[in-house]
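Hi everyone, thanks for coming. I'd like to take a few minutes to walk you through a model, so please bring it up on your screens.

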2 protein chains.
Amino acid sequence: MSEPIIFYDLPSIENIGTWSPFTLRTRYSLNIKGIPYKTVWVEYPDIAPLSKQIGAAPTGTGADGAPLYTLPMIYDPNTKTAVSDSGKIARYLDKTYPDTHKLIPAELDVFTAAFEDAFWGAFHRPDLVPVMNLAVFDILPPRSQSYFRRAREATFGTTMEDLAPLGSEKRANHWAKVRNDASKVAAWYEADGNKDKTFVLGDNAGVTYADVIVTAFFGCFRKGLGEDSQEWKDIAAWDGGRWKRLLAAFEKYGAVDAGEELKLQL
Amino acid sequence: MSEPIIFYDLPSIENIGTWSPFTLRTRYSLNIKGIPYKTVWVEYPDIAPLSKQIGAAPTGTGADGAPLYTLPMIYDPNTKTAVSDSGKIARYLDKTYPDTHKLIPAELDVFTAAFEDAFWGAFHRPDLVPVMNLAVFDILPPRSQSYFRRAREATFGTTMEDLAPLGSEKRANHWAKVRNDASKVAAWYEADGNKDKTFVLGDNAGVTYADVIVTAFFGCFRKGLGEDSQEWKDIAAWDGGRWKRLLAAFEKYGAVDAGEELKLQL
């Protein structure tokens with residue numbers, strides 16, 4: 001590998017580092033593998049033009065039928081390849097840089113794909129989406145925030161302010177469901193009766209992409225809500241403290257080196 | 001191990017062997033491990049009294065709040081232990097008979113628990129449940145059939161005959177959704193671009209309980225619908241024939257040795 005990979009991430013108003021549960025997966029992936037990279041912060045309105053510029057495929061289809069472009073995305077100058085979707089990026093990095101820590105060993109590929117669906121499937125979307133969206137809304141820079149507001153308010157049919165205000169009964173009800181759903185995930189970790197495992201493979205077999213998925217999810221809440229919020233304190237205490245413990249074990253993989261940032265060029 | 005395990009399974013009118021997607025898991029588990037066992041066929045109305053008699057825990061709570069007793073269930077005379085729930089049985093057998101083939105290696109325990117949720121979560125229940133229930137209804141012996149009819153008609157609010165008759169548009173719509181959901185599962189197998197894997201760990205690393213879950217699900221449709229039915233022919237062709245291929249690879253693990261049957265004693 002001669003040149004650093006370019007990693008496109010979503011900025012925050014307070015420069016608190018990566019907050020998206022999806023781009024955080026790629027930052028963890030790159031840091032776990034120790035692959036050199038530079039971060040480019042990309043505001044929401046710039047994602048589609050940038051993707052087209054560097055030749056990244058859309059990751060889905062919007063409600064209007066148009067191609068959907070999302071972050072995370074990387075551009076690897078060594079292979080002249082653009083890749084979006086955090087799972088595809090992890091598989092690309094495993095394959096292209098086989099001497100780095102494997103995030104998805106070949107025999108765990110099916111399990112990992114199923115785990116990703118199982119993890120998001122465990123959370124009832126109508127409860128999760130409002131609280132997660134609100135957690136990140138306040139930390140977005142102005143251009144991203146306007147874009148996010150426009151898109152989300154169209155989806156929800158209500159203003160962000162009325163969606164599920166902090167302290168409201170609506171918010172408390174959503175939160176109770178999210179809490180309950182988290183315990184369904186905790187039950188997977190404890191299916192064999194051992195409540196002490198932090199990582200999906202157990203604590204002696206190494207970190208995999210499944211751990212990345214879980215940690216990035218709770219990491220999003222921590223960044224968005226702030227460590228002083230009551231809701232973060234709730235999460236930290238859920239399920240015997242396992243999510244806080246997991247995030248602590250991942251602390252070393254979350255770093256953004258400010259010296260390694262590039263400006264977006266469109 | 002001195003004495004064979006007693007395996008409690010659900011009978012069919014045509015003695016076609018195990019058809020339940022849950023008891024089939026345990027038959028596969030026992031046969032894969034090569035653990036000696038004898039089958040006792042238990043009609044639906046006898047499950048609760050039998051469970052209480054041998055001291056098996058309920059596996060859930062019914063709609064009326066009462067404890068729910070289900071098959072599969074085993075009684076191990078060597079340890080004087082009754083276990084119900086196919087996942088708990090697999091873990092019990094792995095632990096109690098450590099020299100047999102491991103269905104859930106320790107490092108795969110979390111992945112396997114998540115896989116089980118992911119697999120059933122992939123199928124939209126309001127479409128799956130009617131077609132799966134109808135597939136098994138016709139092969140039940142009279143006592144089980146009456147019991148099944150009473151329970152299911154109360155749930156569905158319609159007669160079994162009107163639920164989704166073969167040839168109806170309703171049935172075709174359910175079936176189209178089940179077909180679509182199966183392809184979501186197929187996508188896990190092919191996430192790394194390799195379309196040829198039959199087993200979850202790939203084809204060189206051995207069979208695990210995750211394979212048992214998938215095979216028992218499609219095996220239920222094969223037994224219930226019959227291999228000559230159009231719907232079974234559909235499944236056999238879905239997703240490049242992967243489900244038919246999987247069942248063929250499991251053929252040797254599905255055997256019921258008629259000489260090893262015991263009569264239920266209540």
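**A walk through the two chains**

Let's start with a proline: Pro72(B) sits in the loop of chain B that runs between β4 (67–68) and β5 (73–76). Keep in mind that what you are looking at is a predicted model. The bond to look at here is the one joining Leu71(B) and Pro72(B), a cis peptide bond with omega at about 5 degrees.

Now please turn to chain A. There, Leu71(A) and Pro72(A) are joined by a cis peptide bond too, and omega is about 10 degrees. Pro72(A) lies in the loop between β4 (67–68) and β5 (73–76) of chain A. While you are in that area, have a look at Lys80(A), which is in the loop between β5 and β6 (81–84) of chain A. Lys80(A) is not a glycine, yet its phi is positive, near 55 degrees. As background, most residues other than glycine have a negative phi, and most peptide bonds are trans.

Next, the charged pairs. How many salt bridges does a search of the whole structure find over all chains? The number is 30. Let me show you one in chain A: Asp94(A) pairs with Lys33(A), and their closest N and O atoms are 2.4 Å apart. In general, side chains of opposite charge can pair when their charged atoms come close.

Staying in chain A, let's look at how two helices meet. The axes of α9 (residues 209–225) and α11 (residues 242–250) of chain A come within 9 Å and cross at roughly 105 degrees. α9(A) and α11(A) are therefore roughly perpendicular to each other. On the α9(A) side, the residues in contact include Val214(A), Phe218(A) and Arg222(A). On the α11(A) side you will find Trp243(A), Leu246(A), Leu247(A) and Phe250(A). Sorted by class, this contact has seven nonpolar, two polar and two charged residues.

Finally, the interface. Here 21 residues of chain B are in contact with 21 residues of chain A. Together the two chains bury about 2000 Å², and 75% of that is on carbon and sulfur atoms. Which residues of chain B lose the most area to chain A? They are Val110(B), Phe111(B) and Trp188(B), together 37% of what that side buries.

And polar pairing? Between chain B and chain A the count of salt bridges is zero, while four residue pairs are in polar contact across the interface. On chain B's side, α4 (109–122) and α8 (169–189) each supply at least two residues. α4(B) gives the largest share, nine residues. By class, the side of chain B that touches chain A has 13 nonpolar, two polar and six charged residues.

That's my tour, and I'm happy to take questions.

Note on methods
Residues are numbered from 1 along each chain as its sequence is written. Chains are lettered from A and ligands numbered from 1 in the order in which they are written. This is a predicted model: local features need pLDDT of at least 70, side-chain atom pairs count only at pLDDT 80 or more; totals for chains, interfaces and linings use all residues. Side-chain values use heavy atoms; hydrogens and water are left out. Axes are lines fitted to C-alpha atoms, for helices over the stretch in contact, and angles run from 0 to 180 degrees between N-to-C directions. Helices (H or I, at least four residues) and strands (E, at least two) are DSSP runs, numbered from the N terminus. Angles under 35 degrees count as roughly parallel, over 145 as roughly antiparallel, 65 to 115 as roughly perpendicular and the rest as oblique. Contact means heavy atoms within 4.5 Å. Ala, Val, Leu, Ile, Met, Phe, Trp, Tyr, Cys and Pro count as nonpolar, Asp, Glu, Lys and Arg as charged, and the others, Gly among them, as polar. Buried area is the accessible area (1.4 Å probe) that two parts lose on being put together, summed over both. A salt bridge is a side-chain nitrogen of Lys or Arg within 4 Å of a carboxyl oxygen of Asp or Glu. A polar contact is a pair of N or O atoms within 3.5 Å; within protein, one must be able to donate a hydrogen and the other to accept it, and residues adjacent in sequence count only if both atoms are side-chain atoms.
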